[in-house]
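Here is a walk through the charged side-chain pairs of one protein model. Keep the viewer open and follow each pair in turn.

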Amino acid sequence: MEFFCYHRDRPGSLPLREELGEAHWAYMDRYEAELIARGPTFAEDGETPTGSVHIVDLPDAAAARAFAFDEPNYQAGVYRDVLLRRWRNLLGRTMWEFPGGRTGGDRHLVLGLGPLTGTALDVPSARDELIAYGPLLSDDGEVRVGTAALVRAPDPEAARAVLPRGRYAGVEVHAWEFGGRR
């Protein structure tokens, strides 16, 4: 089962995040084979971390909850909240298989939350710019409650365009970059 996990930083937690850097890396190393995508989000300055995205393939919801809530930064209070949802990989690839590679161009996390009922989710025509794309699902995987995309785009507005207007109660766009040890 695939899961989307977005830990959002608590304001003022950067020193603690930096202190726990190696503990976070060591924890994530345990999940290297299960990760579909990962990486930090950033504030408008492009440098201050605001969260951490992980898309992971795990056996069940209990394993996903353990992944999200046993993470050292979460345990220490770096994060203010966690968005954890079932997810479906509509591209059928990992971020490491993205044809655009790790660098070049701006990258964004786009979250569409609360879609209108009865609307189908199609992969956008700009597929070559999509790093990861899929629906956020209810716990049983039957109801679509949103969409999560990682996209290469020149600016937040172009990234936002990956989701059709008028189909979501709210859309968030965050600066994002490929994560993992280099």
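Is arginine 80 buried or exposed? Arginine 80 is exposed, at a relative accessible area of 53%. Here buried means under 20% relative accessible area, exposed over 50%, and partly exposed in between (1.4 Å probe, protein chains only). Aspartate 81 counts as partly exposed, at 26%. The side chains of arginine 80 and aspartate 81 form a salt bridge, 2.9 Å from N to O. The term stands for a side-chain nitrogen of Lys or Arg within 4 Å of a carboxyl oxygen of Asp or Glu. By this rule, the count is seven salt bridges.

A word on the basis. This is a predicted model, in which local features need pLDDT of at least 70, side-chain atom pairs count only at pLDDT 80 or more, and totals for chains, interfaces and linings use all residues. Residues are numbered from 1 along each chain as its sequence is written, and side-chain values use heavy atoms, with hydrogens and water left out.

Next, go to arginine 152. Its side chain meets that of glutamate 129 in a salt bridge of 2.7 Å, N to O. Arginine 152 sits in strand 7 (residues 144-152), while glutamate 129 is in the loop between strand 5 (107-115) and strand 6 (130-137), so the pair ties together parts 23 residues apart in sequence. Strands are DSSP runs (E, at least two residues), numbered from the N terminus. Arginine 152 is partly exposed at 22%. Glutamate 129 is partly exposed too, at 29%.

Now take glutamate 157 and arginine 165. Their side chains form a salt bridge at 2.2 Å, N to O. Glutamate 157 is partly exposed at 49%, and arginine 165 is exposed at 56%. Elsewhere, salt bridges with shared partners join Arg8, Arg80, Asp81 and Glu172 into one network.

Conventions. Helix = DSSP H or I, 4+ residues; strand = E, 2+ residues; numbered from the N terminus.
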